[in-house]
Amino acid sequence: AGGSSNPEEVVKKYLEELNAPPADEDCIICMEKLGAPSGYSDACESKTIRPESVGRLAKCTHTFHLLCVLAMYTSGNKDGSLQCPSCKTIYGEKTGTQPNGKMDVAILSESLPGNEDCGSIQIMYHINRGIQGPEHPNPGRPYSARGFPRYCYLPDNEKGRKVLELLKVAWRRRLIFTIGTSSTTGESNTVVWNEIHHKTEMDSNTSGHGYPDPNYLDNVLAELAAQGVTEDCLRS
Ligand code: NAD
Ligand code: ZN
Ligand code: ZN
């Protein structure tokens, strides 16, 4: 998604330039005062943004040097979205760096512990090993994909089906997995879960990623929301 819009336009779309910036406040990106030029003036050059320019994010009203936001944006995956470094509010549609793969869904009649009143939903994620792209930690180097397909479970009730639809949105936005170092195995340059927890055990809980867990659906809804995936995404 995005990619085609110019980084300076993305910055100007979400931040309003201030004529009278709060000069004594700090820019939390470069740690300089907002009354002083951006600390990224040398590292990040722009024809249209001056080092002294300060802007305010529309919804959360946090303020930064515009050049600092430009430097932050260009060091990310440049998907046309911005995330406030202070409060994490997302502007636009955040996407991740999940490698290519496939998400499949099956309905099972078997119930999950703690959800005996309904059957269950099984999600299968398929990802193969490959070569890292420019958005990954080591572009051009291989990445491994261990333990795929990975199977995950949701209760087949109203809330579980809603979580499933939001997980499909998160999958399309490449937010479910990323490439990095596995905290379980220590292996680097490998496909790992991103910040949206999944239940990979159906009828046991030896890993802590199983059922019963009465808070799971609420927790995963909060994790999806932190990535900008909410019920609003299902209406549009
Ligand atoms: P990770 O260990 O770097 O952890 C990333 C996130 O995933 C963390 O939030 C963690 O809490 C969560 N997580 C860890 N183990 C999980 C599990 N079993 N089910 C659901 N969530 C889990 O991430 P990773 O390396 O992608 O995940 C590790 C898990 O992947 C292992 O526990 C294992 O089940 C599976 N794995 C299997 C093989 C294999 O060859 N079969 C190889 C590597 C990993
Ligand atoms: Zn700054
Ligand atoms: Zn903010």
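**Exercise 1. How far is an oxygen atom of ligand 1 from an N or O atom in the side chain of Ser182?**

Solution. Keep in mind that this is a predicted model.
- Step 1. Find the side chain of Ser182 and pick its N or O atom. The distance to an oxygen atom of ligand 1 is 2.6 Å.
- Step 2. Compare with the cut-off: a polar contact needs a pair of N or O atoms within 3.5 Å.
- Step 3. Now take His197. One of its polar side-chain atoms is 2.8 Å from an oxygen atom of ligand 1.
- Step 4. Move to His209. Here a polar side-chain atom lies 3.3 Å from a nitrogen atom of ligand 1.
- Step 5. Ligand 1 taken alone exposes 740 Å², and the protein buries 67% of that.

**Exercise 2. Describe the shell around ligand 1 and the space that ligand 1 takes.**

Solution. 
- Step 1. Count the neighbours. Ligand 1 is surrounded by 15 residues. The closest are Arg150, Ser182, Ser183, Thr184 and Thr200.
- Step 2. Sort the shell by type. Ten residues are polar, three are nonpolar and two are charged.
- Step 3. Look for the main contributor. Strand S12, residues 190-193, gives the largest share of the shell, with three residues.
- Step 4. Name the space. Ligand 1 takes up the largest pocket.

**Exercise 3. Is Ile49 buried or exposed?**

Solution. 
- Step 1. Locate Ile49. The residue sits in the loop between strand S1 (15-17) and strand S2 (54-57).
- Step 2. Recall the limit: buried means under 20% relative accessible area.
- Step 3. Apply the limit. Ile49 has 4% relative accessibility, so Ile49 counts as buried.
- Step 4. Relate Ile49 to His209. They are 160 residues apart along the chain, and their C-alpha atoms are separated by 47 Å.

**Exercise 4. Where does Gly76 lie, and what is its relative accessible area?**

Solution. 
- Step 1. Find the loop. Gly76 is between helix H2 (66-74) and strand S4 (82-83).
- Step 2. Read the area. Gly76 has a relative accessible area of 39%, so Gly76 is partly exposed.
- Step 3. Check a partner. Gly96 is 20 residues from Gly76 in sequence, and the C-alpha atoms of the two are 9.7 Å apart.

Note on methods
Residues are numbered from 1 along each chain as its sequence is written. Chains are lettered from A and ligands numbered from 1 in the order in which they are written. This is a predicted model: local features need pLDDT of at least 70, side-chain atom pairs count only at pLDDT 80 or more; totals for chains, interfaces and linings use all residues. Side-chain values use heavy atoms; hydrogens and water are left out. A residue is near a molecule or strand if one of its heavy atoms lies within 4 Å of it. A polar contact is a pair of N or O atoms within 3.5 Å; within protein, one must be able to donate a hydrogen and the other to accept it, and residues adjacent in sequence count only if both atoms are side-chain atoms. Accessible areas come from the Shrake-Rupley method with a 1.4 Å probe; for residues, only the protein chains shown count as cover. On a 1 Å grid over the protein atoms alone, a cavity is a set of points where a 1.4 Å probe fits but cannot get out, and a pocket is an open set with protein on both sides within 12 Å along at least five of seven lines; lining residues have an atom within 4 Å of a point. A molecule sits in a cavity or pocket if more than half of its atoms lie within 2 Å of its grid points. Helices (H or I, at least four residues) and strands (E, at least two) are DSSP runs, numbered from the N terminus. Ala, Val, Leu, Ile, Met, Phe, Trp, Tyr, Cys and Pro count as nonpolar, Asp, Glu, Lys and Arg as charged, and the others, Gly among them, as polar. Buried means under 20% relative accessible area, exposed over 50%, partly exposed in between (1.4 Å probe, protein chains only).
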